[in-house]
Amino acid sequence: MSDLYRDLILDHWKNPHNFGKLKKPTVEIKEFNPLCGDDIELQIVVKKGKITDVKFSGEGCALSQAGASILTDALKGKSLASARRLTEGKFLTILGISPNPARLKCVLLSFVAWQKALKQIKFALK
């Protein structure tokens with residue numbers, strides 16, 4: 001991992017974006033990694049096909065928490081159609097890292113929550 005991306009991860013870990021709780025989320029998903037104890041709660045507000053707000057909370061290693069911060073930045077303000085196109089590969093590209101297999105679950109914890117949230121959003125908006 002280059003110093004630039006290491007600095008990005010550390011900055012998001014120390015100063016997370018969109019950290020907190022929403023009063024009335026459209027959906028909320030909790031994910032837990034039993035291997036290391038990381039947990040993430042992702043809350044999303046969707047209005048008229050657009051992600052108008054997104055927050056996360058939780059505890060864990062720098063990679064899981066920074067990943068959640070970066071994911072929320074990537075989702076906030078996007079249309080659902082655009083946000084649905086975020087793949088695991090694109091998310092890892094945004095993060096700028098190639099974690100080893102042991103750390104991949106930490107990095108992808110928020111992305112897994114996002115994938116589950118997409119399924120709930122479909123039903124919540126009906």
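Start by selecting Lys48, which sits in the loop between β2 and β3. Helices and strands here are DSSP runs (H or I and at least four residues for helices, E and at least two for strands), numbered from the N terminus. This is a predicted model, where local features need pLDDT of at least 70, side-chain atom pairs count only at pLDDT 80 or more, and totals for chains, interfaces and linings use all residues. Residues are numbered from 1 along each chain as its sequence is written, and side-chain values use heavy atoms, with hydrogens and water left out.

**Stop 1: two positive phi values**

Keep Lys48 selected and check its backbone: phi is near 50°, a positive value in a residue other than glycine. Is Lys48 buried or exposed? At 90% relative accessibility, Lys48 counts as exposed. The cut-offs are under 20% relative accessible area for buried, over 50% for exposed and partly exposed in between, with a 1.4 Å probe and protein chains only.

Now jump to Asn18, in the loop between α1 and β1. Asn18 isn't a glycine either, yet has a positive phi of about 60°. With 13% relative accessibility, Asn18 counts as buried.

**Stop 2: the aromatic pairs**

Searching the whole structure turns up two aromatic pairs. To pair, rings of Phe, Tyr and Trp (its six-membered ring) need centres within 6.5 Å; planes under 30 degrees apart count as stacked, over 60 as edge-to-face and the rest as tilted.

Select Phe19 and Phe56: this pair is edge-to-face, at 5.1 Å centre to centre with 85° between the planes. Phe19 is in the loop between α1 (3-14) and β1, and Phe56 is in strand β3, 37 residues apart, so the pair links distant parts of the chain. Phe19 is partly exposed at 43% relative accessible area, while Phe56 is buried at 0%.

Next, pick Phe91 and Phe111, a stacked pair with 5.7 Å centre to centre and 15° between the planes. Phe91 belongs to helix α4 and Phe111 to helix α5, so the pair ties together parts 20 residues apart in sequence. Phe91 has a relative accessible area of 0% and is buried; Phe111, at 6%, counts as buried too.

**Stop 3: a strand serine**

At 10% relative accessibility, Ser57 counts as buried. What does Ser57 contact, leaving aside its neighbours within four places in sequence? Phe19, Gly20, Lys21, Asp39, Ile40 and Glu41. Contact means heavy atoms within 4.5 Å.

**Stop 4: α2 against α4**

Show these two helices: their axes come within 10 Å and cross at roughly 110°. The axes are lines fitted to C-alpha atoms, for helices over the stretch in contact, with angles running from 0 to 180 degrees between N-to-C directions. That makes α2 roughly perpendicular to α4, on a scale where under 35 degrees is roughly parallel, over 145 roughly antiparallel, 65 to 115 roughly perpendicular and the rest oblique.

For the residues, select Gly67, Ile70, Leu71 and Ala74 in α2, which meet Phe91, Ile94 and Leu95 in α4. By class, this contact has six nonpolar, one polar and no charged residues. Nonpolar covers Ala, Val, Leu, Ile, Met, Phe, Trp, Tyr, Cys and Pro, charged covers Asp, Glu, Lys and Arg, and the others, Gly among them, are polar.

**Stop 5: along α5**

Ser110 is in helix α5 and buried, with a relative accessible area of 0%. Beyond its neighbours within four places in sequence, Ser110 is in contact with Ile40, Leu42, Gly67, Ala68, Leu71 and Phe91.

Lys116, also found in helix α5, counts as partly exposed at 40% relative accessibility. With neighbours within four places set aside, Lys116 is in contact with Ile29 and Glu31.

**Last stop: the core**

The largest nonpolar core has 34 residues, and those with the most contacts inside it are Leu42, Ile44, Ile51, Leu95 and Trp114. Such a core is a set of buried Ala, Val, Leu, Ile, Met, Phe, Trp, Tyr and Cys residues joined through side-chain atoms within 4.5 Å. Which element gives the largest share of this core? That's α5, with 10 residues.

Finish on Trp114: leaving aside neighbours within four places in sequence, Trp114 is in contact with Leu42, Ile44, Ile51, Leu71, Leu75, Ala83, Arg84 and Ile121.
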